[in-house]
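Good morning, and thank you for making time for this presentation.

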Amino acid sequence: MPDKVLAIDDDRSLHHLVGKVFEGSEVDVIAAKDGRAGLESVERDRPDVVLLDIRLPDASGLELFRDIQARDRRLPVVFITADSESETAISAIQLGAFDYLRK
């Protein structure tokens with residue numbers, strides 16, 4: 001089980017939900033509301049896994065994924081989104097995402 005999970009999403013309810021999932025465990029959940037804060041957290045907090053929204057207020061999740069991979073290629077990134085377009089999921093997986101989940 002990971003020690004640190006970083007959720008990069010502008011939806012506060014998602015941060016709350018992820019926190020509830022890991023409540024009572026040894027896992028620290030770190031929340032970032034946009035791409036800039038997410039990248040800062042990747043560098044500062046060194047998470048074990050990233051949950052990344054496709055659509056962020058300041059960046060494309062796909063572009064942010066490339067930036068994350070440039071910093072740490074081994075860091076697993078799971079895309080989370082309300083977007084139901086299969087092309088987006090295919091692009092994420094082709095880029096090397098660990099998985100793709102719909103909200």
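**The nonpolar cores**

The largest nonpolar core has 21 residues, and those with the most contacts inside it are Leu6, Ile8, Val50, Leu52, Leu64, Ile68 and Phe79. By nonpolar core I mean a set of buried Ala, Val, Leu, Ile, Met, Phe, Trp, Tyr and Cys residues joined through side-chain atoms within 4.5 Å. Buried stands for under 20% relative accessible area, exposed for over 50%, and partly exposed for values in between, with a 1.4 Å probe and protein chains only. At least two residues of this core are supplied by each of strand E1 (4-8), strand E2 (28-32), helix H2 (35-45), strand E3 (49-53), helix H3 (61-71), strand E4 (77-81) and helix H4 (86-95). These elements are DSSP runs numbered from the N terminus, helices being H or I with at least four residues and strands being E with at least two. H3 gives the most to this core, namely four residues. There is also a second, separate core of ten residues, which includes Ala7, Leu14, Val49 and Leu51.

Before going further, a word on the source. This is a predicted model, in which local features need pLDDT of at least 70 and side-chain atom pairs count only at pLDDT 80 or more, while totals for chains, interfaces and linings use all residues. Residues are numbered from 1 along each chain as its sequence is written, and side-chain values use heavy atoms, with hydrogens and water left out.

As for confidence, pLDDT is the predictor's confidence in each residue, from 0 to 100. The protein has a mean pLDDT of 90, and 97% of its residues reach 70 or more.

**Individual residues of the interior**

What does Leu6 contact, leaving aside its neighbours within four places in sequence? Its partners are Ile30, Ala32, Gly38, Ser41, Val42, Pro47, Val49, Val50 and Leu51, where contact means heavy atoms within 4.5 Å.

Let us turn to Leu52, which lies in strand E3. Leu52 counts as buried because its relative accessibility is 0%. With neighbours within four places again set aside, Leu52 is in contact with residues including Ile8, Leu64, Ile68 and Phe79. Its C-alpha atom is separated by 9.6 Å from that of Ala32, 20 residues apart along the chain.

Strand E4 holds Val78. Val78 is buried, at a relative accessible area of 9%. The C-alpha atoms of Val78 and Leu52 are separated by 6.1 Å, although the two are 26 residues apart along the chain. Not counting residues up to four places away in sequence, Val78 touches Val50, Leu51, Leu52, Phe98, Asp99 and Leu101.

Ile80 is placed in strand E4 as well, and is buried with a relative accessible area of 6%. Under that sequence exclusion, the residues touched by Ile80 include Asp9, Leu14, Leu52 and Lys103.

H2 and H3 pack at an angle of about 15°, with their axes 11 Å apart. Axes here are lines fitted to C-alpha atoms, for helices over the stretch in contact, and angles run from 0 to 180 degrees between N-to-C directions. H2 is therefore roughly parallel to H3, a term for angles under 35 degrees; over 145 is roughly antiparallel, 65 to 115 roughly perpendicular, and the rest oblique. Gly35, Leu39, Val42 and Glu43 of H2 make the contact with Leu64, Asp67, Ile68 and Arg71 of H3.

Finally, Arg46 has its place in the loop between H2 and E3. Phi of Arg46 is near 50°, a positive value in a residue other than glycine. Arg46 is exposed, with a relative accessible area of 55%.
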